[in-house]
Amino acid sequence: MVRQDELFSSRLMALDARTAAGLLDLEHPNLAAQQLGDLPPARAMAILLALPEDVRESIMAASHTGAAWLRAERYAPGTVGNQLEEPVAAFRKGTSVAMAVDLLRELMPQRELNQVYVVDPDNRLLGIVAFRELLFAERGQSLDQIMQREPCSLRPEWPLNEALSRLSLQPPLTYPVCDDDNVLLGQVHTHRLHQQQAFELSGQPGYLVGVDHDEQWASPWWRKFQFRQPWLQIHLFMLFVVGAIVSHFQINIAKATLLAVFLPVLAGLCRTIGAQSLACTLRGLSLSNPARPVKRQVIKETWLGLLNGILTGLLAGLGMFIIASRHPEQGDAGQLALLVASAMALSCMSAGLLGAAMPLLLRKLGVNPAMAANLVLSGLSDMISLGLFLWMAVAFVL
């Protein structure tokens, strides 16, 4: 039987942050804090940020995890720091096994634990002690004698995918999080990292087409409208620019109406090649694959775009030659075929370059590399491919 609090937590996870915040019992901060405490830290933090500051502070003050939420707020979404929880089982160097076990008996019914941390007076992490070691240790021993020294720890600024790639094949339940001076900041649950990464990855298809990361399948229609409309306005503006480019050459198109037949062919192919390059680059960024330098990746995708453009350009040029041969009044069939082949090769090369470079540029600017990348890419690709094709037609054929 599913409990009511589990159903409520599932509902909060399925909504965007602002809508989920409206479902909390804000008149009773203790209850609201308990409702948020059942969520992953990053999700709870997103909902808290959607609340007024005074309400947010009252909920944090009423929650035993409020201090951890305050620390997590300092770190960007999608990082380890945004998942910080209190390191409840942290003991000073020299603590005896007997004292630690007695304290753990009080903590265990309330918190999910499988290891304890040993820190110095400055809270620097010295080691960890698994419960198995506590079980077989003598009560008179100190934790220093049985701890694992120099344990694996995570950094709060690491992205989730980088953190998960560094975990061992059989990760423990929790990992300590330390700063550059090895000061213990908190801990993260391994399953929380996987849960949040799955949440982030589920939003990637939406990012590509301008769906905000906070939009959920159960969000109300008016919130979905608010999320999507800005990017649609931007895309509409880019389409108007494309229309203006075509309109600028309308007199020339009228001289050879066969050119108009190949405009959607060229635009559609360049969009596909750009999207392929974009998808490959985003996958590499998601996996934090450092195998190839950025410059080499961009050059490779540009080269692939050119090769694909040459092959498809030859086929499209053959098609233009066949059609133009039946309509000699439209111009020389050979010149038109060469125009189509050349323009397609160059346009596809530029689409490959755009698809590879755009996510890298967005990441450099501190923006999600996938955010509306497909919308922007398709608009820029149409501008470049159609503009180049029509300019070459005027300059060399018409």
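Trainee: Why is cysteine 348 called buried in this predicted model?

Mentor: The word buried is kept for residues under 20% relative accessible area. Cysteine 348 has a relative accessible area of 0%, so cysteine 348 is called buried.

Trainee: Is cysteine 178 buried or exposed, and how do you know?

Mentor: Cysteine 178 has a relative accessible area of 0%, and because buried means under 20%, cysteine 178 is buried.

Trainee: What makes strand 2 mostly covered?

Mentor: Strand 2 takes in residues 115–119, and five of its five residues are buried. Both faces are covered, with Gln115, Tyr117 and Val119 buried on one side, and Val116 and Val118 buried on the other.

Trainee: How do you know that strand 2 pairs with strand 1 and with strand 3?

Mentor: Two strands pair if there are at least two bridges between them. Strand 1, residues 90–92, is joined to strand 2 by three bridges, and these two run parallel; strand 3, residues 125–130, is joined to strand 2 by five bridges, and these two run antiparallel. Valine 119 of strand 2 stands opposite arginine 92, and its bridge partner in strand 3 is leucine 125.

Trainee: Which residue has a positive phi in the turn of the hairpin formed by strand 2 and strand 3?

Mentor: Asparagine 123 has a positive phi of about 70 degrees, and the hairpin has five residues between its two strands.

Trainee: Why are the buried residues of helix 5 placed on the same side?

Mentor: In helix 5, Val55, Arg56, Ile59 and Met60 are buried. They cover an arc of only 135 degrees around the axis, and therefore they lie on the same side of helix 5. On the other side, Glu53, Asp54 and Ala61 are exposed.

Trainee: Which residues make the contact between helix 4 and helix 5?

Mentor: Helix 4, residues 41–49, and helix 5, residues 53–62, pack at an angle of about 145 degrees, with their axes 9 Å apart. Met45, Leu48 and Leu49 of helix 4 meet Arg56, Ile59 and Met60 of helix 5, and by class this contact has five nonpolar, no polar and one charged residues.

Note on methods. Residues are numbered from 1 along each chain as its sequence is written. This is a predicted model: local features need pLDDT of at least 70, side-chain atom pairs count only at pLDDT 80 or more; totals for chains, interfaces and linings use all residues. Side-chain values use heavy atoms; hydrogens and water are left out. Axes are lines fitted to C-alpha atoms, for helices over the stretch in contact, and angles run from 0 to 180 degrees between N-to-C directions. Helices (H or I, at least four residues) and strands (E, at least two) are DSSP runs, numbered from the N terminus. Contact means heavy atoms within 4.5 Å. Ala, Val, Leu, Ile, Met, Phe, Trp, Tyr, Cys and Pro count as nonpolar, Asp, Glu, Lys and Arg as charged, and the others, Gly among them, as polar. Buried means under 20% relative accessible area, exposed over 50%, partly exposed in between (1.4 Å probe, protein chains only). The arc is that of the directions from the helix axis to the C-beta atoms.
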